[in-house]
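The sequence and structure come first.

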Amino acid sequence: MTKPASPFLPMEYSDEVAAAKARGAPIVALESTIITHGMPYPGNLNMARSVEAIIREQGAVPATIAVIHGVLHIGLDDAKLEELAKTQGAMKVSRADLAFAIAERRTGATTVAATMIAAARAGIRVFATGGIGGVHRGAELSFDISADLDELARTGVIVVCAGAKAILDIPKTLEVLETRGVPVVTYDSEIFPAFWSRDSGLKSPLMLNSPAAIANFQTMRELLGVEGGMLVANPVPEAAEIPREEMEIYIARALDNAENDEITGKAVTPYLLSNLFEMTEGRSLETNIALVENNARLAGEIAVALNVK
Ligand code: PSU
Ligand code: MN
């Protein structure tokens with residue numbers, strides 16, 4: 001009787017990431033939902049390419065993560081990146097359905113939560129994104145709280161973002177992070193940023209002003225045996241920011257539209273983002289790209305600092 005083949009995880013490293021792993025080089029993970037659900041083509045592809053280039057400039061290697069036809073990719077070569085940027089109808093996968101996309105041989109873009117899971121599996125300790133998901137406004141009725149928050153509490157990856165998206169309830173998002181024991185460290189500012197704006201109106205729980213200090217903090221957590229990730233909030237560069245008061249007007253309108261169109265669940269964040277791009281005539285998209293690039297730079301520096309022992 002032949003034994004059935006034992007199942008294996010269809011996971012594939014790009015040549016660049018495989019080589020980086022072999023020589024122990026610093027690697028920065030990147031998510032793909034921002035590519036398929038966060039920005040329109042071709043801006044999404046330009047963003048994905050420039051973010052990868054910025055990470056290389058820092059002496060680290062980028063690993064964009066996505067499920068393509070059922071294979072979990074850790075790092076995409078340029079042809080695959082372009083294919084993904086043009087893909088219509090990719091799944092938006094999080095903790096609940098990452099394995100589903102693989103098992104069912106689907107193409108899925110990974111959210112912050114799913115990217116963290118894949119990064120940890122691949123031994124990658126730093127990850128750059130735009131803004132994490134969080135507690136939605138009105139969550140007391142809708143119960144809409146992103147799986148990103150729970151993932152930060154359990155998976156040991158440093159996530160560099162520009163704060164929580166201002167479309168969310170930021171005070172409640174910070175409360176949940178505190179309850180779940182996730183350190184929130186703002187880079188070089190006392191104030192927690194709100195994605196498009198540098199100022200959310202809230203003080204940051206923690207502040208550090210060098211990549212080395214952030215790396216050292218995470219190392220101490222690991223030595224202490226405290227599991228879970230860390231959120232690093234990196235305020236958008238001043239030149240690219242849209243002031244909070246101005247953004248609030250657009251956000252209120254976008255939230256109204258979402259309610260009228262009865263948008264719920266996973267569709268909420270992509271709907272609001274594209275609504276805002278239209279209302280600001282592309283300005284919010286420019287800001288979004290600038291802040292992701294800024295986060296890639298810092299994540300690259302942190303990855304390099306983590307490698308210096
Ligand atoms: N950051 C961006 N644009 C995005 C996202 C983050 O600049 O589109 C995505 C991330 O993948 C994040 C997701 O995990 O939005 C949150 O979705 P939800 O609120 O449905 O959990
Ligand atoms: Mn949600």
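## Helix α10 against α13

Helix α10, residues 211-224, and α13 have axes that come within 8 Å and cross at roughly 60°. The two helices are therefore oblique to each other, and their crossing is right-handed. The model is a predicted one.

On the α10 side, the contact consists of Pro 211, Ala 212, Ile 214 and Ala 215. These residues meet Leu 298, Glu 301, Ile 302, Ala 305 and Leu 306 of α13. By class, the contact of α10 with α13 has eight nonpolar residues, one charged residue and no polar ones.

## Helix α3 against α13

Helix α13, which spans residues 283-307, also packs with α3, at an angle of about 20° and with the axes 8 Å apart. Because angles under 35 degrees count as roughly parallel, α3 and α13 are therefore placed in that class. The crossing of α3 past α13 is right-handed.

From α3, the residues in this contact are Gly 43, Met 47, Ser 50, Val 51, Ile 54 and Ile 55. Their partners in α13 are Leu 285, Ile 289, Val 292, Glu 293, Ala 296, Arg 297 and Gly 300. The contact of α3 with α13 divides into eight nonpolar, three polar and two charged residues.

## Helix α6 against α8

How are α6 and α8 oriented at their contact? Helix α6 (residues 112-121) and helix α8 (residues 147-154) pack at an angle of about 25°, and their axes are 8 Å apart. That angle makes α6 roughly parallel to α8.

Val 112, Ala 113, Met 116 and Ile 117 represent α6 in the contact, where they meet Ala 147, Asp 148 and Glu 151 of α8. Of these contact residues, five are nonpolar, two are charged and none is polar.

## Two domains

The protein is divided into domain 1, residues 9-124, and domain 2, residues 129-309. Their C-alpha centres lie 19 Å apart. The contact between the domains involves 28 residues of domain 1 and 29 residues of domain 2.

On the side of domain 1 that touches domain 2, β2 (27-30), α3 (43-57) and α6 each supply at least two residues. This side has 17 nonpolar, eight polar and three charged residues.

## Backbone details

Most residues other than glycine have a negative phi, and most peptide bonds are trans.

Pro 42 is placed in the loop between α2 and α3.

Methods: Residues numbered from 1 in each chain as written. Chains lettered and ligands numbered in written order. Predicted model: local features only at pLDDT ≥ 70, side-chain atom pairs only at ≥ 80, totals over all residues. Axes fitted to C-alpha atoms, helices over the stretch in contact; angles between N-to-C directions. Helix = DSSP H or I, 4+ residues; strand = E, 2+ residues; numbered from the N terminus. Parallel < 35°, antiparallel > 145°, perpendicular 65-115°, else oblique. Contact = placed C-beta atoms within 7 Å. Nonpolar A, V, L, I, M, F, W, Y, C, P; charged D, E, K, R; others polar. Domains from an automatic or database assignment. Left-handed = near helix turned anticlockwise from the far one by under 90°.
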